[in-house]
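Open the model in your viewer and keep the sequence panel beside it.

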Amino acid sequence: MRRLAAITLFLVLLLTACRADRDRAAMAQVPMADTPIPQSTSPETVTDRGETPFRRLWAGEGFNFFASSPSPDGQWVTEIDWTTGDLAVRHLESGELHRITDKGARKESGDYSEVAIFSPDGRRIAYSWYVDEKATYEVRIVDFAIDDRGIPRASEPRVVHAGDPVYAFWLYGWTPEDEILAGLYRPDNSTALGFLDLSTGEIRPLKSFDWADARASLSRDGETVAYDHPAGGGPDDRDIFLLASDASHETVLVEGEGRDEVLGWGPGDRSLFFLSERSGSPSIWRVPMSHGRAADDARLIREGVGRLEPLGPAGEEFYVGVEVESPRFRTARIDFEKGVLEPLPTVLDSPYRGPAVAFDWSPDGRLVAHAVSVGQARARLFFSSPDGNVIREWNLGLRLLRLILRWTPDGESILLSGQDDRGRAGLFRVDLDSETTQLLRRYELSSGRLFSISPDGGAVLYTRVADVADGSEPKRIDVVSWDLESGTEQTIRTIDTHDVHLGAGHSSHLVVSPDGEWVAYPSFSTEEEARIRFFPTAPGSAEARKPLTAPGLREIVGWTPDGRSLLYLTAATSPDSGEWATEDVELWSASGDHTRRLATIPDYAGGARLNPDGRTLAYRAGRSRGEIWALDMRDDSRPETPR
């Protein structure tokens with residue numbers, strides 16, 4: 001389900017997702033053939049239960065496992081260089097990252113690369129590309145080669161599919177006939193599998209689904225598609241199916257309670273590997289295959305592997321990515337008089353392993369609501385005291401879409417962007433008394449998944465890509481106020497994308513003043529420095545508040561409770577590219593024309609929220625560390641069952 005989040009990345013404020021381009025060569029490690037595979041959510045390792053050969057290829061930071069795939073020779077993996085948004089490749093032995101495209105600085109263009117795969121011969125890379133001005137995805141191809149110095153080189157990109165209205169949001173495999181198996185996303189929010197013809201750009205539909213996306217893998221001969229999909233019991237109950245590439249027949253390969261997920265095909269298509277918790281913990285299983293059908297029962301290969309992200313096959317191995325460390329929510333006290341930030345000892349954790357993904361204070365500041373991702377399809381909600389003690393918890397039964405939750409001003413419910421077990425994506429209300437959830441509004445393809453709540457709790461503000469008459473000019477962004485009681489909406493402002501370069505997703509920074517009269521938002525025009533602009537919430541009112549110049553602006557935190565000051569974060573930028581050069585951010589306070597630097601926050605990872613007391617700040621801090629491992633998929637390399 002992570003891929004459905006990936007297809008809506010153009011709705012995310014990219015500014016909170018970027019990280020600096022560090023010295024990745026220092027992070028790389030020499031492969032170790034006998035090292036046990038780690039848990040995906042902890043740096044701890046697990047006991048080696050069998051003789052399955054795993055070897056660690058790379059360990060470090062700055063990974064994008066959802067967008068990575070290996071080259072056929074296993075030396076490279078595709079990546080995203082988030083300092084610019086360019087397509088890149090990483091050399092696994094040295095750890096060095098090389099840009100393949102050169103789109104320019106992010107202040108010049110909001111375009112970016114996403115999922116990418118190598119051709120079977122390793123000479124081309126196909127990748128999805130988000131076009132910011134048109135708010136659409138394209139599929140592009142570059143020729144790929146290594147020069148005499150070992151440096152990767154690529155041709156100019158060629159567009160093979162323009163995207164609108166059907167997005168090819170995931171690329172699963174490359175056929176001998178030069179077609180790509182793609183995951184498709186349609187304007188009606190339905191998904192599908194189909195083959196993209198690289199010579200014509202046309203899509204041949206293969207299988208349609210009502211809502212949930214299918215994780216798929218194409219056999220190496222291109223004749224069979226293995227995919228997993230909800231079997232009717234919700235997103236955590238997935239079975240595995242085999243579908244002929246010409247759609248002539250389909251069979252169930254793996255079924256039963258629980259989540260079964262396709263990993264990939266082994267050499268010669270003699271095996272299919274999948275993840276399952278049927279043994280009691282996330283484990284790798286193998287089904288012997290013959291002529292696209294199961295030749296024997298599934299057999300356990302490796303237990304206790306944690307959560308893996310499949311990257312793809314490389315020769316006779318299969319690469320997987322694991323996240324071994326993620327940022328945590330911390331708290332600090334702002335001393336406005338001294339202009340310092342005093343760290344507090346509280347670290348908001350949960351009893352479950354998993355990354356903290358969303359946070360908010362209660363209206364009285366006495367409780368903290370924070371969500372932890374405990375699986376690809378659900379989140380667990382925790383309520384803690386400010387000192388970090390968990391008071392209450394429950395499984396939401398929802399997947400958070402944009403990693404955002406907000407407490408309503410009356411303290412009786414929480415609003416969040418999510419997707420339920422029926423695949424409905426939208427704005428949900430969580431009633432804290434009855435512990436029930438209600439879908440308030442389903443999302444359209446053009447509407448942002450992020451939102452802000454008015455101070456009186458009566459309306460939600462979000463963004464939507466505005467219709468453009470002839471489709472030739474850059475799209476605009478409508479700021480919409482949606483009444484929670486009546487369900488009516490009105491557009492209160494229209495913003496040109498050339499002014500913000502943030503697509504439809506900048507609504508995370510639609511920050512409403514405490515009196516409900518003004519909205520602040522970041523502006524990143526190419527002709528000027530970053531600024532914070534303001535507009536009145538009353539429809540039709542003229543802008544009458546002077547913009548605030550904020551060099552290096554990264555994020556608006558919010559207004560102080562008295563409405564007199566606005567807090568925001570900046571980061572140092574590179575003089576060459578204009579991009580952020582560090583993850584350490586500066587906290588600033590602005591009151592009218594007067595600005596003041598308050599403190600530095602090291603290793604900032606987003607999500608800053610100001611307590612209603614106006615002095616306590618919570619935020620995510622720390623580093624994300626990941627590792628890439630190789631699984632030997634040769635049938636004769638190990639016993640069929642673990643010891």
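Predicted model: local features only at pLDDT ≥ 70, side-chain atom pairs only at ≥ 80, totals over all residues.

**Stop 1: the whole chain**

The chain holds 2 helices and 49 strands.

Switch to a surface. The chain exposes about 25200 Å². Carbon and sulfur atoms supply 44% of that area. What share of the 643 residues is buried? Buried residues make up 59%.

**Stop 2: Arg90 and Glu79**

Hide the surface. Select Arg90 and Glu79 and show their side chains. They form a salt bridge, and the closest N and O atoms are 3.3 Å apart. Colour strand β2 (residues 76-81) and strand β3 (residues 86-91) next. Glu79 sits in β2 and Arg90 in β3, so the pair ties together parts that are 11 residues apart in sequence.

Are these two residues buried or exposed? Buried means under 20% relative accessible area. Arg90 has 0% relative accessibility, so it counts as buried. Glu79 has 1%, so it is buried as well.

**Stop 3: Arg149 and Asp147**

Move along to Arg149 and Asp147. Their side chains meet in a salt bridge at 3.9 Å, N to O. Check the cover on each partner. Arg149 is exposed, with a relative accessible area of 64%. Asp147 is partly exposed, at 22% relative accessibility.

**Stop 4: Arg215 and Glu261**

Select Arg215 and Glu261. Here is another salt bridge, with 3.9 Å from N to O. Arg215 lies in strand β14 (residues 215-218), and Glu261 lies in strand β18 (residues 260-265), so this pair ties together parts that are 46 residues apart in sequence. Arg215 is buried, at 5% relative accessibility. Glu261 is buried too, at 4%.

Which residues join this pair in one network? Salt bridges that share partners link Arg215, Arg259, Glu261 and Glu309 into one network.

**Last stop: all the salt bridges**

Zoom out and show the Lys, Arg, Asp and Glu side chains. How many salt bridges are there in the count? The count comes to 26. The tour visited some of them, including the Arg90 and Glu79 pair and the Arg149 and Asp147 pair.

Terms used. Residues numbered from 1 in each chain as written. Heavy atoms only, no water. Helix = DSSP H or I, 4+ residues; strand = E, 2+ residues; numbered from the N terminus. Buried < 20%, exposed > 50% of the residue type's maximum accessible area, 1.4 Å probe, protein only. Areas by Shrake-Rupley, 256 points an atom, 1.4 Å probe, with all protein chains shown as cover. Salt bridge = Lys/Arg side-chain N within 4 Å of Asp/Glu carboxyl O.
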